[in-house]
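Start with the model itself.

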Amino acid sequence: MITLALSKGRIFDETLPLLRSAGIEVLDDPEKTRKLILATNRPEVRVVLVRATDVPTYVQYGGADLGITGLDTLIEHGNEGLYQPLDLRIAQCRVSVAVREGYDYAAAVRQGARLRVATKYVTIARDFFAAKGVHVDLIKLYGSMELAPLTGLADAIVDLVSTGNTLKANNLVEVERIMDISARLVVNQAALKLKREPLRHIVDAFGRALETTA
Ligand code: AMP
């Protein structure tokens, strides 16, 4: 049995065409079922639905043989036990620093002030500001980061940005782009040895599908 870990929403939707190219059709719609294990047209392949941030954990410990997750989630989780063969170029966005409109970020950074930064992405934020030599106090949040600069909880946030509409709607401005993000295919290293042939088939089919859309 091959188990693929996916999260609902954008990653699931954008993965379906890739699965199709590997001859795999998911038989249930995750928006219409409460099932967490979804069958496919291939009896030896199943999909498990997990939270996006849990995908690397499932794959690392062998609860799934492979999974698809954002580079942001992978960096925060760490790469241990995971083989990362493909950039799937789906679910693209960026990680950026944003502040309240009118906040003089450049001056705060120049003056060597300690910046209070709220984020879910503490590893990415810590590494970025350390490389710039900017002192930061990081405040870990789990969501609605846009609120932090508006309520005085933080001077800045580090968050995912796609169109920029969420920032704009909350009177925030993007002041630095930290890195581009896309979804990655990750494979359990032990499974790659034990189930080499069926996993290779899926990885290669994904790779070929990407080449034709390049
Ligand atoms: P936008 O308004 O299009 O800039 O989207 C920003 C919001 O969507 C933020 O709350 C992000 O956390 C979320 N977001 C954008 N792109 C992604 C992605 N690829 N994966 C997960 N969340 C995302």
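**Pocket lining and ligand contacts**

The lining of the largest pocket holds 12 nonpolar, 11 polar and 9 charged residues (nonpolar: Ala, Val, Leu, Ile, Met, Phe, Trp, Tyr, Cys and Pro; charged: Asp, Glu, Lys and Arg; polar: the others, Gly among them). The model is predicted: local features need pLDDT of at least 70, side-chain atom pairs count only at pLDDT 80 or more, and totals for chains, interfaces and linings use all residues. Numbering runs from 1 along each chain as its sequence is written, and side-chain values use heavy atoms, without hydrogens and water.

**Largest pocket**
- Its volume is about 790 Å³ (an open set of points on a 1 Å grid over the protein atoms alone where a 1.4 Å probe fits, with protein on both sides within 12 Å along at least five of seven lines; lining residues have an atom within 4 Å of a point); the volume is the space filled by probe spheres set on points joined across faces, edges and corners.
- Among the 32 lining residues, Ala52, Asp72, Thr73, Lys120 and Tyr121 are closest to the centre.
- Helix H3 (71–77) is one of the elements giving two or more residues, and H3 gives the most, with 4 (helices are DSSP runs of H or I, at least four residues, numbered from the N terminus).

**Ligand**
- Residues surrounding the ligand include Arg10, Glu146 and Asp159 (a heavy atom within 4 Å).
- A backbone N or O atom of Ser162 lies 2.8 Å from a ligand oxygen (polar contact: N or O atoms within 3.5 Å).

Note on methods: Polar contact = N/O pair within 3.5 Å; in protein donor to acceptor, adjacent residues only side chain to side chain.
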